[in-house]
Each structure stands twice: as structure tokens, then as C-alpha cells.
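Dear colleague,

Please find below the structure that I am handing over to you. I would ask you to keep it open while you read the notes that come after it.

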Amino acid sequence: MDPVTLAWYLLLVAGVTTSVAVLVSLSRPRGRWGLMTRKRLVMGVPWGTLVAVVGVAAFYLFVQDGLANPRNPLDIPFRAYSYLYPIGILTAGFAHSGLGHVTGNLLSTLVFGSLAEYAWGHFPRRRGSFSFSSPLSSPLVRIAIWVCAIAVAAVLTSVFGLGPVIGFSGVVYAFVGFALVRFPIATAVVALSTRIVTELYNAVLVPEIQRTAVETFSRPWWAGIAIQGHALGLLLGATAGIALLHRRDVRPKPEHVWIAALAFAVDRGLWAIYVPEGSETFRLFRALGMASVFVLAALVASGATATTRELLPRIDLSRREAAFGSVLAVVLAISFVTVPLNLYAVDDPSAGLEDAEPTEIRDYTVFYAENVENQFVPAVPIPGQENVTDGRVNASGVIVVSERRNIWWEEVSAGRLETNGAATIRIGGLSWREDVRVTRETWAVAGGNSTHNVRLGPAAAEERPVVFRADPARSDAVVDGRNVTIAPVGDRFEARVFYRGDRVGSTVIPADNVTTTAGGLTFVRAGRSLFVKRGETRVRIAQRAA
């Protein structure tokens, strides 16, 4: 470790230690915190939550091959594409798409899962009851029940999730819903503390960083979040928590539950309801989303705090029963609305392959295409002007197809590939995996147009073939009445010279520091730039993307 990094770590430790010491001095807990946790948890430790953390981490490291490829794990075969692919349904709740994804969920599990397990408790809470007096009063049994409930929640959020969901976040939101109805203020405070934990982790991982402003590819942050799955998890946890409150005859303050539920839902973006309109185009319904989270807060608050007073005496229906029934009805509605979509089967697995040159590995087909109809994401008609998808959602990029797994999935978008220049796609199954490598070479011509080709094939291959060639790009620059067009031909690019609309010559774009001539122009390559010369005139006509 270099001295500068060591100094940053010492500074971080000093700051955290000083802050905690001041807190202990001011509060004088005298073991109060430890006593409180030991009253509810065996040895004051949330054992069930720790088991879940270890299980999810092990799945990422060993099943998804995250140990060998921590930032690019195998995730394609573990997504919940549809009920026709049960392996994905059963594993999606435990799998993750990357190191940041799994790290964030595991940190949130430690924080929210511990609070939720504290609300559950390892010891019986009824007056006069004792541990081990019955099977359900045994701490070991209660820990086992908690672990099983976590596993069931992970599967349920996949079974009733919308789209090819992946990740443990549905369970994290279930933790929040369970804890929120019992300890609303503590849950709101813990929600803020997760950001503290995350930033502390980042500071330990990278104590100092330097960045330069560069052009990057990014989608709207809300376009990559499984809002429906998060809302389902939150309501599943809240439903279980409300049932436990009613059994234990505990009634929190309604204003506390309402503000905690609303604040959490807004802070975590549950209002971001959107639909895809294209490969890189999405439409966000902000007003609808904000109205929905206000309704959600009222629903959870009423379910957790409604009294037993009669609401409809004729049918012996109490306010509590009606409120709990409303929460349960919304959970069922959010869940079962996804069933028809999850029964969807890919109609035409070969769609987009007509002009493609695919790479086939076992039951997978990987190819590159632009502006082909997405066979997995259905079009959603939306009222309003210019607010429809015209009956289809297009896909552009690297597409992975597996008829056996009911997969037709745009794994790397064309925009992301254009920005990064290359990508590795990992395919496989429970016991095997293989990498496919894709690269894009782009030439931008004077005037803003560009053309490109795409190479794709097994990562282990020494050379991968060109599988896609874009249309030629014509430069706006005119040199002695001549225009130049850059066109992908075969596995390379050539410069074509036009004079008064007629093609008068062409040449392969030369290597660095090499000069060629065509159509009365001299072409000079200097690094990534291509220049043309005519007499005393020299113009940069095109540039290769980095």
C-alpha cells in the first residue's frame, strides 16, 4: 500500500472513530443497545439475515462465476424471462448483473434485513410465553422460518415480477415493508443510513479518484429499475408485517407509518413508472407515479393502524379487516397482472437473423442487428399525440437468442457499443459458460456523419469476422470539386472519390503513416485521422473513433 493511500485510510478511520466516540459520550448507552438487541435476537445477531447474505454472495461468486469475473458475471441464463423458463424464475431473485448490483443489495440486506429480523424476533413476545415451550417459540425454529421466508420472497418477486428481472432487491424492499409498519421512524432513519454505509464502502474501496470529462453512454436512471418488482416486494413485506402486528395487537401511529412509507417510496424512486418506446427511448409518467406513491402510503398506513371498530355491521366487517383486505387486494392485483405477460412465448426466435451472420454456441445464437422488431418487449399503445410505439418496439445491438430458454434479449445496445467500442457477452448454464466478444469500428466523416462495422465471435478466437456493415457515410467537405465517401467493404473500410456525381476512384484506407491516391486525391493516414491532399490543399476528411 502506497503512503498516500495509507494516509487516506488513516484519515477515514480517524473521522469515523471520533464521530462514534462523541456519540457514545453524549448518549452514555451503558450497554443499553446491546441489551435491547439481545432481548430480541440470539446473542444480539440477526442470524437469518447473515445466512441470506452468505447465500446470495455464494451464488454470485460460484454459480454466476463472479469469483473469476467479478464485474462481468454470467447473468443471462438466470433472468426471469417467462414461466416457460423455470430455471430463470427460480434463480433470478438470487442472481445479479454486476459487482455494484450485488454489493448494493447485500449492504441494504445487512441494514434493512437486520431491522426487519429485529421486528420478527428470535424469542416469543407474548406475555407468559417462554423460549422452547413450543416449536414456534424455539429461537432456532424462528431463525429457520426467517431464512425460509426470505427464500420464498425471492422466488415470489421473480414469479410475479414484470420482465426479465434479476436481483435480490425485491427481498430488500420486502424487508423495508416488514420493518416499516412496526418501526416506521427507525426504518426512515435506516433508509438514510444505507447511503452512509454505501459511501463508507466506496471510500474504503477507492479513497481517492480522478476523472476527466468524457462522452459516455447512459440511459435514464429510472429505465433500468424494476419498479413493479420493488413495489411488489415492499407490499409483500408490509402485508406480512401488518399480519404480525394484528396477531401481536400492536398499533403504531398512523402519521409515522404514512410519512415513512411516503418518504421511502419517493426517495427510492417508486414513482418512476415508465414504458419502453424503442431500443434507447423510454417514456416516464411522473404525475401518475407520484399519485401512486401517495396512495401506497395511505394504503400501508391504514392497513397497519386501522382499529377493530365495525365498518359494516351487517357483514361483521371491521375497519382493520377492510384495511388489511385492501392491502392484500392491491398485492394480488400487482402480482397477477404480470401472469399473462410472463406466459408470453417468443413467436419468432429467428427474427432479425435474415441478414445477420450469427455465432451459435450450444443452444444460444448471438448476433448483431439494427432496427429489428423486439420479440420480447411488446408494444404498449399510449394515448396522446406522438405517444405510441406504432405497434412495435425496435431493438438495435447485440441480441442473444435461445429458443429452448425462451430468450430473445438485447444484451448490449447499439448506443452502448458505439460509446464503449467493445463488449463481452457471457452465455452459459448452471454448469458451463463461454464468452462472446463484439467490437465496433467507427469512422466519422467531416460534417457529422459516420459509418461502422461490427465484428462478433467467440472471445477465444484469434480473429472474429465482420458481421455487420453500416451504410457508407459521405463527407460534406469538397476538395477541387471532389467528394469523399467512407464505406465498409469486406473486413475493412475504403475511401471512394466522386466527381460531379460519378465515382472516379477508390482506395482502402491506408495504415498509419501510409499514403495512397485515388480519383485525383492523395490520402494520408496520421494516427486516427485521415487527410486528403490536392495540390496545396490539405483537409481532414475522416477520423476513426477511439
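This is a predicted model: local features need pLDDT of at least 70, side-chain atom pairs count only at pLDDT 80 or more; totals for chains, interfaces and linings use all residues.

Four strands form an open sheet in the order 13-14-15-16, and their pairing is antiparallel. Its edges are strand 13 (473-474) and strand 16 (502-508), each of which pairs on one side only. Strand 16 is joined to strand 15 (residues 492-499) over 6 bridges, and Glu494 stands opposite Val508 of strand 16.

Glu494 also takes part in a salt bridge with Arg503, at 3.2 Å from N to O. Glu494 is buried, because its relative accessibility is 12% and the limit for buried is under 20%. Arg503, at 45%, counts as partly exposed.

The count of salt bridges comes to 14. Among them is the pair of Asp435 and Arg426, whose closest N and O atoms are 2.9 Å apart. Arg426 is buried at 6% relative accessibility, whereas Asp435 is partly exposed at 24%. Shared partners join Asp65, Arg426 and Asp435 into one network of salt bridges.

Another salt bridge links Arg544 and Glu441 (3.6 Å, N to O). Arg544 belongs to strand 20 (residues 537-544) and Glu441 to strand 10 (residues 433-445), so this pair ties together parts that lie 103 residues apart in sequence.

Finally, Asp347, Asp348, Glu354 and Asp355 form a negative surface patch. Asp347 is found in the loop between helix 13 (339-342) and strand 5 (359-361), and it is exposed, with a relative accessible area of 65%.

How values were computed
Residues are numbered from 1 along each chain as its sequence is written. Side-chain values use heavy atoms; hydrogens and water are left out. Two strands pair if DSSP finds at least two bridges between them. Helices (H or I, at least four residues) and strands (E, at least two) are DSSP runs, numbered from the N terminus. Patches are made of residues with over 30% relative accessible area and no salt bridge: like charges are joined within 9 Å, nonpolar side chains (Val, Leu, Ile, Met, Phe, Trp, Tyr) within 5 Å. Accessible areas come from the Shrake-Rupley method with a 1.4 Å probe; for residues, only the protein chains shown count as cover. A salt bridge is a side-chain nitrogen of Lys or Arg within 4 Å of a carboxyl oxygen of Asp or Glu. Lys and Arg count as positive and Asp and Glu as negative; His and the chain ends are not counted. The place of a charge is taken as NZ of Lys, CZ of Arg, CG of Asp or CD of Glu. Buried means under 20% relative accessible area, exposed over 50%, partly exposed in between (1.4 Å probe, protein chains only).
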